[in-house]
Amino acid sequence: MSIRQMFSAEYWEKTNSVVILDPAVATPNSGDNIISEAAMREMLDIFPEHFFSNIPTHEILGTRSYRLVRQSKHSILAGSNILTEDMVRDRGWRYRLQDAVFVKDIITLAVGWRSYRSGNYPIGRRLLKRALHPEALHSVRDAYTKQRLEEAGIPNVVNTGCVTMWRLDLPRLAALPKKLGKNVIFTINARNTSEQDQHMVDTLCDLYENVYAWPQGIFDRPYCDKLLAGRGKSIGQSLQAYDAFLRETEDLDYVGHRLHGGIRALQHNVRALVVAIDNRAAEIGRDTNLPIIMRDEIADTLRTRIENPGEIRISLPQAEIDRWRDQFKTMAAPE
């Protein structure tokens, strides 16, 4: 494509389409597929007659992605802990200086902040402001992310919680029996390990008749098998295998590192306890009452939390979710 074509009006003619900046494209983590699925469900509900294109957040964008964005009515950044002020060097979102020419006015859907790390990144902050729509409401998944965006000069933000939680059957979850199950499935993050991981798996093997692992990440299976040491087994690594296991296994609990592995269990009305190993589960748990336990508390409280499960009383910010969804009824497409 020539430079002349790239800047011609005909090449960028608007269409009845929505672009999803999709974390599930080229991902090593099935949690991104859980996010992507939930985001697409909401988008199809809001834009039932539109054409959808998915472009990557994990990969560098090319001219075809540029064109899809410029031709679309809206560009939606779908979930994931993807935001940071260090946009130039951080590799969570492959958004480059040159992308800012063609990929802008992005609207976020239930995104999170990468970590608790802070610093002075003036170029990255300007790039973040350039990427995001200056007037549209941006949806974030926790109060900490909302605070960080406001500090970066982006005040048009609502805390909606994670999009994967929007359609949880809250009454059914609250009515789950308050007793230990016979079976448990756990997850581990092999890229973020601790001596507490072995204690967690040992505790599960002591308390449950049958222990299973779902290796959610591409590198997780060897670590799961090492921790189990023959006392249980790993199921298939695909999201489809996990869904089938959650659907078909009775008297089942979930315990584990993976936030969206736990939320997926809740989507199947399986009791879940998420072990918070970073800011993601900790912040969402603080805002929504998602059942969590901090990893450094495992030795002291994990057994008690499993043996004495309370009601699952998740609270969602429905008014903020509705505000974000309703904005598209009147919002004009960017020029």
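Q: What makes a crossing of two helices left-handed or right-handed?
A: A crossing is left-handed if the near helix is turned anticlockwise from the far one by less than a right angle, and right-handed if clockwise. In this predicted model, helix 2 crosses helix 10 in the left-handed sense.

Q: How are two packed helices described?
A: The description consists of the angle between their axes and the distance between the axes. Here, helix 2 (residues 31–46) packs against helix 10 (residues 259–267) at an angle of about 50 degrees, and their axes lie 9 Å apart. Helix 2 is therefore oblique to helix 10.

Q: Which residues of helix 2 and helix 10 meet?
A: From helix 2, Gly-31, Ile-34, Ile-35, Glu-37 and Arg-41 take part, and they meet His-260, Gly-261, Arg-264 and Gln-267 of helix 10. In this contact, two residues are nonpolar, four are polar and three are charged.

Q: At what angle do helix 7 and helix 12 pack?
A: Helix 7 (residues 196–207) and helix 12 (residues 298–307) pack at about 30 degrees, with 10 Å between their axes. Angles under 35 degrees count as roughly parallel, and therefore helix 7 and helix 12 are roughly parallel to each other.

Q: Is the crossing of helix 7 and helix 12 left-handed or right-handed?
A: Helix 7 and helix 12 cross in the right-handed sense.

Q: Which residues of helix 7 and helix 12 meet?
A: Helix 7 contributes Gln-196, His-199, Met-200, Thr-203, Leu-204, Asp-206 and Leu-207, which meet Ile-298, Ala-299, Leu-302, Arg-303, Ile-306 and Glu-307 of helix 12. The contact of helix 7 with helix 12 comprises seven nonpolar, three polar and three charged residues.

How values were computed:
Residues numbered from 1 in each chain as written. Predicted model: local features only at pLDDT ≥ 70, side-chain atom pairs only at ≥ 80, totals over all residues. Heavy atoms only, no water. Axes fitted to C-alpha atoms, helices over the stretch in contact; angles between N-to-C directions. Helix = DSSP H or I, 4+ residues; strand = E, 2+ residues; numbered from the N terminus. Parallel < 35°, antiparallel > 145°, perpendicular 65-115°, else oblique. Contact = heavy atoms within 4.5 Å. Nonpolar A, V, L, I, M, F, W, Y, C, P; charged D, E, K, R; others polar.
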